[in-house]
Amino acid sequence: MRVAYHAGVLRALEEAGLRFSHVDGTSGGIINTAMVLSGLTPTEMCDRWRSLNVKDSISPMPFSEYLKGQNMMAMCDADGIVNKMFPHLGIDVEKINSAEGMTGTFNVCNFTRKTNEAIPSQRVDLDLIIAGMSLPMFMPPVRKGDVWYTDSVWLKDANLTEAVQRGAEELWVVWIINNTPEYKPGFFNQYVHMIEMSANGSLIDEFDRIKELNERISQGETPYGHRRPIKLHLIKPRHPLPLDPDLFLNRITTAGMIDMGYADAKHYLREVNPEGLPLQPETLMMTADTKPGVSFRETMTGGFSLGETDPHAGERKGDAAGTKLSIHCDIDIHDVYRFMEDPQHATPITARIDFAPLGINIPTSNAIFNLFRPGEDPKTKYFVYEAGFEHNGESYYLAGKKRVHDDPGFDMWADITTLFTLLHKGKDDSGPVVGAGIIYIKREQLVGLIPTFRATNTSGTAESLKVLGDFGRFFMGEIWDSYGKM
């Protein structure tokens, strides 16, 4: 389910004007390969992933299977995927088989022969698509004739060689398999580590094969008809993604995964080297989360209007016209103790914006959050929410502040729930103001926020409670400093 991240990446690549001649998927990546070849645009893919109920993908095996105990074939079957998930995501095998303009391949493991098979889109069928997603233990293999097929992640999780043999000179890999030096305890973590070792290891082998081809090309050979070196571009999360159980427990959402993929792709595109990335193991490495963190989701909504520069006027005009702006923020503080010690209390976040005049579910990049950032007046602090986005080829920057200041009367609640917001044209808040309004975290949104608070990268319940308690004391301490002192 984490491959919702891919859809956000594809939207950013499309916006950058990139076009591709071949698409290849393995394991969960098969889902997005199937969506692309079913004719969906990246924006449509994002919309469908965002509205998917991930629990619909789970369906139990027949009860008799569980009575077999350790001899049962798998924990779940594919009925939920076939009957609910695939229709919702717009996956259509007939459209895949007749797709034009782009070739596609689906990797499956021929368990009988212990080989990977790249099945062309013209002859893939529903059974093979399901087989390619059937991770051992979790879903049963698929039998076709005398051959068993299953997920190929143990053999190959990105088939670069297939693309190179088809003439690809530039490879763009969307990689979400976690890759850090940390070895975690626990059965589930170590099962995941086995996937990480096999998937990353096989991709590193692909790197080595391409390096050999590039060396031959530099010596004047033309392997597979190539006359120029093959370039690699790879987009991945900066930190390891949460695992699927976090999605099913609603600790994260597919919408958050999409926003993260979009932001990571935009970051890569800003700094892209035209020559590509080194074909070496370090290219796959992510920043390990070694410190406890805190994450939560927050939504704010209110009246907003284009053509205004004053938030109060923008709110009144927006309310009168019924134009509301909402910002949905996924705030993931990877090192909460560093965050609390930082005088600016700053962290990158992912966010998306709903504002009908410009669009719904607008992905953003360069989003930041400050909690109790000091103001020029020592008695004033700010909650800061900022995010850049694009619309019709133009850059915009949304900048909002909650002003924490003890005015006469009980104003604490209004201060910490009211975001005075300006929309700038350009890549930061130095651009001209083209819109304004005031957005709020309403009671129902606050109720929805509270269950999303959780400690991350902790060793158990006791440490999680301590981390959340320390963060809570920091927050209340700042509130007391602003409103409790005489």
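Mentor: Let us begin with what covers helix H5. The cover over the buried residues of H5 includes helix H2 (29–37), helix H3 (42–50) and helix H7 (126–131). Helices here are DSSP runs of type H or I with at least four residues, strands are runs of type E with at least two, and both are numbered from the N terminus. A word on the origin of these values is needed: this is a predicted model, in which local features need pLDDT of at least 70 and side-chain atom pairs count only at pLDDT 80 or more, while totals for chains, interfaces and linings use all residues. Residues are numbered from 1 along each chain as its sequence is written, and side-chain values use heavy atoms, with hydrogens and water left out.

H5 itself spans residues 79–89, and its buried residues are Gly-80, Ile-81, Met-85, Phe-86 and Leu-89. Buried means under 20% relative accessible area, exposed means over 50%, and partly exposed lies in between, with a 1.4 Å probe and protein chains only. These five residues of H5 lie on the same side of the helix, because they cover an arc of only 135 degrees around the axis. The arc is taken from the directions that run from the helix axis to the C-beta atoms. After H5 comes Gly-90, whose phi is positive, near 80 degrees.

In soluble globular proteins, nonpolar side chains tend to be buried together. The largest nonpolar core of this model has 51 residues, and Ile-31, Trp-49 and Met-85 are those with the most contacts inside it. Such a core is a set of buried Ala, Val, Leu, Ile, Met, Phe, Trp, Tyr and Cys residues joined through side-chain atoms within 4.5 Å. At least two residues of this core are supplied by each of helix H1 (4–15), H2, H3, H5, strand E2 (103–110), H7 and helix H11 (254–271). The largest share, six residues, comes from H1.

Trp-49 shows how these parts meet. Leaving aside neighbours within four places in sequence, Trp-49 is in contact (heavy atoms within 4.5 Å) with residues including Ala-4, Ala-7, Ile-31, Met-35, Met-85, Leu-89 and Ile-258. Met-85 and Leu-89, among these partners, are also two of the buried residues of H5.

A second, separate core has 41 residues, and Phe-355, Leu-371, Phe-383 and Phe-474 are among them. A cavity is a set of points, on a 1 Å grid over the protein atoms alone, where a 1.4 Å probe fits but cannot get out, and lining residues have an atom within 4 Å of a point. The structure holds one cavity of 30 Å³ or more.

Phe-372, with phi near 60 degrees, lies in strand E13 (residues 365–374) and is buried at a relative accessible area of 1%. Asn-361, with phi near 55 degrees, is found in strand E12 (residues 359–363) and counts as buried at 16% relative accessibility.

Note on methods:
1 Å grid on protein atoms, 1.4 Å probe; cavity = no way out; pocket = protein on both sides within 12 Å on 5 of 7 lines; lining within 4 Å. Points joined across faces, edges and corners; volume = space filled by probe spheres on them.
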